[in-house]
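Here are my notes on this model, point by point. Please read them with the coordinates open.

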There are 2 protein chains.
Amino acid sequence: MPSETAGGLQRIILDTARQLLTDVGYAQLSMRKIAQKIGYSATSIYLYYSNKDELVHALIDEGVDLLYADLHEANRSHADPSLRLRAMCLAYIQFGLNHPEYYEIMYVLHPEYIKRYPAEKYRKARRNLELLASAVEDGIQMEHFEACEATVGANLIWTQLHGVVTLLNSERVDKRIPAETLIHSACKHILRSFLKTPQHKEV
Amino acid sequence: MPSETAGGLQRIILDTARQLLTDVGYAQLSMRKIAQKIGYSATSIYLYYSNKDELVHALIDEGVDLLYADLHEANRSHADPSLRLRAMCLAYIQFGLNHPEYYEIMYVLHPEYIKRYPAEKYRKARRNLELLASAVEDGIQMEHFEACEATVGANLIWTQLHGVVTLLNSERVDKRIPAETLIHSACKHILRSFLKTPQHKEV
DNA sequence: CGATTAAGTTAACACTGTTAAGGTAATAGA
DNA sequence: TCTATTACCTTAACAGTGTTAACTTAATCG
């Protein structure tokens, strides 16, 4: 009965899982729903993914790649470290707001989930942070930024961006504050906190 | 069979739910487990809480009060806006790290949950942000801080603190960076981004 | 005494992830 | 060509989840 497209069932499962994730969100993503959508039994999925974690990890991997592409593009678009950093911050936030479901499984899901995340994929996920760290490092080298540990600086930026994305996506930010206002203020404050004083530039 | 303590079953349910939440976390908190622990049937809980949401909302309410107490205490401990702000930032992060389960149901749980959160309790939760906003406002008034919309500033601080707490609690921050380093860097950067330049104070 | 109400129960529904066992068709070896 | 193996997929089941409907039992009230 099942309709064959190309590349086998594993591909079809992953495609359907992605579609279901983006359509109805992670909370509604179940093995049985995936199976029903593709006309197979739920247990068939276990022939290609040993459990739900593994399937979700494959989706997380996709999300990591998508985010990296966006960050990389932003990183390439400017030479100046400040502008690069600002562009990457905006790209990160935009990714989070544009792909809330991807963002949720990547960075919001329970600690237990992330603990089972394979070390190899974990390393790949860290490239995104290293992109931020390189901009911080360059800014320090060019003496635009106050000296600091670049990895700490990158994680600091990350926490700020992550907070903005998650609180906006979960609609916990006061609705009287426009998202754009918060986003641009966040970017401004991030740069302000790194730039050497005095800050006369308008970024 | 059920053992009566005092104040009726509703109190016992809430106490047991809280204990279960802090012991095994939200993911393992179920109506049936609560019921089993107190020696009642699961459906008895529905005589006092119309659904799980309502029960969790009661716990969220407790968490909001606990956090407010900590923030209020930090707010009282200093007169200078910078020191007050710093103290509150540290208090917020410490609360998040010390009560990860409370923090999760308060600020991490799915958007759907928060949508069903009653408006009355929502208003109470906002007092915590207003405490931050007042410190920002005072800093601006005393001309220590750069002028800005205080509510925007408070939300900006909140996003930074929230990011630190959630990424630390979910163990997503690079383990080579000590939590203390990240926390103090975050507080320093928050103040740096608000203080008028030049910044000669050591905070 | 009879009726009402309060408090708690059991059984069931519709879900969830996951495992064990079974079936069926194609393929490989003799 | 016959048999055995393997690949692929299924049904049935287990142990959970939140929640509802219907039932019992005891207390209270007129």
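1. Helix 7 of chain A crosses helix 8 of chain A in a right-handed sense. A crossing counts as right-handed if the near helix is turned clockwise from the far one by less than a right angle, and as left-handed if anticlockwise. Helix 7 spans residues 119–141 and helix 8 spans residues 150–169. Helices here are DSSP runs (H or I, at least four residues), numbered from the N terminus.

2. This is a predicted model, in which local features need pLDDT of at least 70, side-chain atom pairs count only at pLDDT 80 or more, and totals for chains, interfaces and linings use all residues. Residues are numbered from 1 along each chain as its sequence is written, chains are lettered from A and ligands numbered from 1 in the order in which they are written, and side-chain values use heavy atoms, with hydrogens and water left out.

3. How do helices 7 and 8 of chain A pack? Their angle is about 120 degrees, and their axes are 8 Å apart. Axes are lines fitted to C-alpha atoms over the stretch in contact, with angles from 0 to 180 degrees between N-to-C directions. The two helices are therefore oblique to each other. The classes are roughly parallel under 35 degrees, roughly antiparallel over 145, roughly perpendicular from 65 to 115, and oblique for the rest.

4. Helix 7 of chain A brings A:Leu129, A:Leu132, A:Ala133, A:Val136 and A:Glu137 to this contact. Helix 8 of chain A brings A:Ala150, A:Ala154, A:Asn155, A:Ile157 and A:Trp158. Contact means heavy atoms within 4.5 Å. By class, the residues are eight nonpolar, one polar and one charged. Nonpolar covers Ala, Val, Leu, Ile, Met, Phe, Trp, Tyr, Cys and Pro; charged covers Asp, Glu, Lys and Arg; the others, Gly among them, are polar.

5. Now chain B. Helix 3 (residues 52–76) and helix 4 (residues 81–98) of chain B pack at about 150 degrees, with axes 8 Å apart. They are therefore roughly antiparallel to each other. Their crossing is right-handed. Among the contact residues are B:Gly63, B:Leu66 and B:Asp70 of helix 3 of chain B, and B:Arg84, B:Tyr92 and B:Phe95 of helix 4 of chain B. The contact divides into nine nonpolar, two polar and two charged residues.

6. Check DNA strand C next. It has 17 residues around it, with A:Arg32, A:Thr43, B:Ser41, B:Ser44 and B:Tyr48 coming nearest. Near means a heavy atom within 4 Å.

7. Which atoms of DNA strand C does A:Arg32 approach? A polar side-chain atom of A:Arg32 lies 2.5 Å from a base nitrogen. For B:Tyr48, the distance from a polar side-chain atom to a phosphate oxygen is 2.6 Å.

8. DNA strand D also has 17 residues around it, and A:Ser44, A:Tyr48, B:Arg32, B:Thr43 and B:Lys52 come nearest. An N or O atom in the side chain of B:Arg32 is 2.6 Å from a base nitrogen. Polar side-chain atoms lie 2.8 Å from a phosphate oxygen for A:Ser41 and 2.9 Å for B:Tyr46. Helix 2 (residues 31–38) of chain B gives the most to this surface, with three residues.

Methods
Polar contact = N/O pair within 3.5 Å; in protein donor to acceptor, adjacent residues only side chain to side chain.
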